[in-house]
Amino acid sequence: MNFVDIIEKKKKNIELSTQEIYWVVNSFVNNSLKDYQMSAFNMAVWFNGMSTKEIASFTQAMIDSGITYDLSEVKGLIADKHSTGGIGDKTSLIFSPLVAKFGVKVAKLSGRGLGQTGGTIDKLESCPGWTGEISDHRFKEILNEIGISIMSQSSQVVPADKKLYALRDVTGTVDSIPLIASSIMSKKLVIPANSIILDVKMGSGAFMKDLDKAVELSKTMIGIGKEHNRNVSVMITNMDKPLGRAIGNAIEVKEAWDTLNGNGPSDLEELCVTAAGLTLVQNEVFKDLKTAKEELLKVLKDKSAAHLLKDFIEAQNGNFDVIIDYDKNFSTKHVIEVFAQKEGYVSFVSADQLGYLSMYLGAGRATKEEEIDFSAGIYLNKTTNEFVKKGEVIMTLYTNRDNVESFKQKAEELILIKDKKENEELILKLLTS
């Protein structure tokens with residue numbers, strides 16, 4: 001095979017064979033296919049797309065570029081969950097105990113955050129000692145013992161995707177739906193889960209900016225799942241506003257704990273209960289979503305799943321007591337209250353910008369080398385569509401950095417006070433296979 005013949009076919013929108021796609025991926029990984037050649041391939045895909053068969057082959061070729069996990073020793077059904085990112089998104093920490101409570105195990109690979117969105121691994125590491133660097137054997141042990149385990153994604157998992165994403169990032173091909181879908185699904189399919197729930201974020205705080213594109217991406221990922229005999233469901237959710245009230249690391253783990261104890265924000269509760277409900281229906285624990293959600297709300301009310309979050313974190317060497325006694329362990333040098341300048345209904349310029357503000361406070365990293373301050377973050381005393389009186393606190397900033405006036409000014413610039421409530425739904429669409 002040679003690249004010229006393959007790129008000619010792709011230019012003319014002629015379907016590539018599985019063998020040709022494997023040749024492209026393997027040649028790129030072993031450096032015999034150069035960056036400029038792969039850039040041309042990516043751009044041809046951007047313009048012409050890929051067929052269902054091509055996407056399935058491309059996804060499998062990326063999976064086969066690295067290691068996969070054998071969970072045959074894990075007893076019972078296994079579920080996985082993925083979110084395309086979002087501000088205040090700590091749903092995995094609530095979803096997992098809810099699903100495990102009903103006997104479906106949650107096995108996940110997660111990553112760190114970069115830029116305005118926080119990573120699940122960073123949030124969990126706010127519990128001193130917690131590690132996602134565990135052996136395959138320990139991963140399976142914890143799944144059997146607790147029903148939840150989250151591992152750090154190793155460099156050996158889908159190395160083709162890591163290399164390909166870095167190239168897409170600098171060649172204007174990040175927003176190709178076949179390439180996005182295969183990137184996400186290749187990392188999900190290395191875990192042999194019976195069901196996968198995907199939370200596709202749409203809006204200002206997310207990568208997908210409109211509903212049509214989010215639906216197209218969702219259907220493409222469901223199609224990949226079908227080709228690989230996986231049961232995939234998708235929630236398209238609103239990221240024009242932050243999720244919950246907490247934005248940061250330890251502060252989000254605390255909010256997850258509060259939610260599991262029946263004291264969470266309504267939007268966060270709704271999203272987590274819906275995601276868990278879909279997963280339980282996928283795995284035939286309940287016949288329909290309405291019944292599943294009713295039972296899950298009972299679990300939040302009676303707090304019976306909360307201990308599973310604590311048990312899982314402690315099984316991976318984390319000290320969860322710091323979250324239970326949060327105020328004592330996560331105090332900051334500066335606590336900055338931001339007040340309403342007039343009365344009305346709260347809104348924000350964008351969820352995205354709130355995420356960047358939390359990063360500036362120390363809760364995120366602009367580069368991979370930066371260290372995170374687990375105590376830093378934002379608490380929204382008032383959030384979207386809530387009424388505020390002049391002089392009331394809208395948000396509280398927590399930071400150990402000294403740029404107090406600058407942080408306060410940035411926060412004030414992000415607040416909008418409106419005369420009427422905005423008509424916004426949290427869950428915009430549900431799609432199942």
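Two strands pair if DSSP finds at least two bridges between them. Helices (H or I, at least four residues) and strands (E, at least two) are DSSP runs, numbered from the N terminus. On that basis, an open three-stranded sheet runs β10-β8-β12, with antiparallel pairing.

This is a predicted model: local features need pLDDT of at least 70, side-chain atom pairs count only at pLDDT 80 or more, and totals for chains, interfaces and linings use all residues. Residues are numbered from 1 along each chain as its sequence is written, and side-chain values use heavy atoms, without hydrogens or water.

**Sheet**
- The edge strands are β10 (387-388) and β12 (415-418), each pairing on one side only.
- Strand β8 (residues 344-348) pairs with β10 over two antiparallel bridges.
- Gly-344 has Val-388 in β10 as its bridge partner.

**Salt bridges**
- The count comes to 22 salt bridges (a side-chain nitrogen of Lys or Arg within 4 Å of a carboxyl oxygen of Asp or Glu).
- Glu-386 and Arg-245 form one, with the closest N and O atoms 2.4 Å apart.
- That pair links distant parts of the chain, 141 residues apart.
- Asp-161 bridges to Lys-187 at 3.2 Å between the closest N and O atoms.
- Asp-161 lies in helix α8 (residues 159-169) and Lys-187 in helix α9 (residues 177-188), so the pair ties together parts 26 residues apart in sequence.
- Glu-8, Lys-11 and Lys-12 are linked in a salt-bridge network.

**Burial**
- Buried means under 20% relative accessible area, exposed over 50%, partly exposed in between (1.4 Å probe, protein chains only).
- Asp-161 is buried at 5%; Lys-187 is partly exposed at 22%.
- Arg-245 is buried at 18%; Glu-386 is partly exposed at 23%.
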